[in-house]
Amino acid sequence: MMTTLAASALVLAACGGDDPEATVETVTVEAPAPAVETVTVTPEPTTEASLETEPTTEAPGLPTTDPPEEAAAESDFGESETSVRGYLIKEVGQLAGVVDADTEEPVVSFTLLEVEPNFTCTADYADGAANGQFVAFTFEVETFKALKDDVEPFYGSFGLNSFYLSAFSDDGVLQNDIDGNSWSCLDSADELPSDIGPGQKAIGKIVIDTELESGVLVYEPMSWGEPVGWEWEF
């Protein structure tokens, strides 16, 4: 099954607007270029797929946010822009996600709702930050039935956790460690579930332990072999 990954923006017009009449922003291209995001992924032996992130990335097995008939308008996603690292640039409040290119069915959508620097841990026995400070990111995630088709790279379960995250300084330096003592920071009731199955919704926090006062958070699902992901300034 050929699938296309599309990263969409929340109900926000260009760069975070909120025009409810807009239509889903989706474009499939052969290869990444400065103006468009394109990734071609080799499917598993048993699954032929391609993903599309935002109206500009082609890769295997991911959907947009809402079913075709309920999809947001193209202008809701804002301008599709790729960073020097090859990731889609998103703002807080913008929807990102992936859609099945063959059926146009959504696979998963997610939105960064809030960034909290100098975050105070909620766990009773949390250790202090090892690298400087805790920064908390609150995400809202919704998955759809197409996720159960085991499309790459999710294979039936969506994961948005520190394993798939990295952070860069404002001048582009990759941080060696953003885990530190973050594992002990959150009460389980506050954490975003690490594995989210088909047809589910979840809201929760992910915490990093970093010396950065500001920078860029990157989410990159594994197994595509090409830079396919999203990033947010914080």
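**View 1. The Cys121–Cys185 link is left-handed, with -105° about the S-S bond.** The model shown is predicted. The disulfide joins Cys121 to Cys185, with an S to S distance of 2.1 Å. A search of the whole structure finds one disulfide. Cys121 sits in the loop between strand E3 (106-116) and strand E4 (133-143), and Cys185 in the loop between strand E5 (165-168) and strand E6 (201-210), so the bond ties together parts 64 residues apart in sequence.

**View 2. The largest nonpolar core has 30 residues.** Phe110, Phe139, Phe158, Leu160 and Tyr219 have the most contacts inside this core. In soluble globular proteins, nonpolar side chains tend to be buried together.

**View 3. Tyr219 and its contacts.** Leaving out residues up to four places away in sequence, Tyr219 touches Phe110, Phe154, Phe158, Gly159, Leu160, Tyr164, Leu165, Gly229, Trp230 and Trp232. Phe110, Phe158 and Leu160 are, with Tyr219, among the residues with the most contacts inside the largest core.

**View 4. Another core lies apart from the largest one.** This core has seven residues, among them Phe134, Ala136, Cys185 and Val207. Cys185 is also the disulfide partner of Cys121.

Technical notes. Residues numbered from 1 in each chain as written. Predicted model: local features only at pLDDT ≥ 70, side-chain atom pairs only at ≥ 80, totals over all residues. Heavy atoms only, no water. Disulfide = S-S within 2.5 Å. Helix = DSSP H or I, 4+ residues; strand = E, 2+ residues; numbered from the N terminus. Core = buried A, V, L, I, M, F, W, Y, C linked by side-chain atoms within 4.5 Å. Buried < 20%, exposed > 50% of the residue type's maximum accessible area, 1.4 Å probe, protein only. Contact = heavy atoms within 4.5 Å.
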